Amino acid sequence: MTSSGPMFGGVMLARPAQGAVGEAERVCHVIPIPDGTLPNELTALCGTSFGHGQLERLDGPAGMPCESCLWRATVPPNRSLSGGSASFTGETVKRRLDTIERTLSELEIQLDAMRAAIAAILDDRRRDRH
């Protein structure tokens, strides 16, 4: 961390590990990944913090999403979720949902790239062994 706060290297999708919470609470959270050394806790966009071993990382959007994480992923940093000048008309909700869909698509693209990189690394290791 710097004096201006942590830098983030992307986001991951994860849900609480089986047994960590009740089954109904195992929702898919959006979690910023800090650059550098991982902290003892990761905090989802909704504000829920998770310690080591409490999360199951997901390959892509799966299961029920954490609505607060998705909502916060679409709200500009200088806007508030409650009150203020935010108007929640049908058109505003549609725009936010469109933004959520774009965000999820971008996450899926990032995950596909990560999968391809991991596959290439594993292939290289297999070749090195033979």
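1. Isoleucine 118 counts as partly exposed because its relative accessibility is 49%, where buried means under 20% relative accessible area, exposed over 50% and partly exposed in between (1.4 Å probe, protein chains only). The residue sits in helix 2, which covers residues 90-129; helices (H or I, at least four residues) and strands (E, at least two) are DSSP runs, numbered from the N terminus.

2. This is a predicted model, in which local features need pLDDT of at least 70 and side-chain atom pairs count only at pLDDT 80 or more, while totals for chains, interfaces and linings use all residues. Residues are numbered from 1 along each chain as its sequence is written, and side-chain values use heavy atoms, with hydrogens and water left out.

3. Strand 1 (8-16), strand 2 (29-34), helix 1 (67-73) and helix 2 each supply at least two residues to the lining of the second largest pocket, and helix 2 gives the most, with four. A pocket here is an open set of points on a 1 Å grid over the protein atoms alone, where a 1.4 Å probe fits, with protein on both sides within 12 Å along at least five of seven lines, and lining residues have an atom within 4 Å of a point. Among the lining residues are Gly10, Pro32, Arg72 and Glu106.

4. As for the overall fold, the protein has two helices and five strands, arranged along the sequence as β-β-β-β-β-α-α. Of its 130 residues, 24% count as buried.
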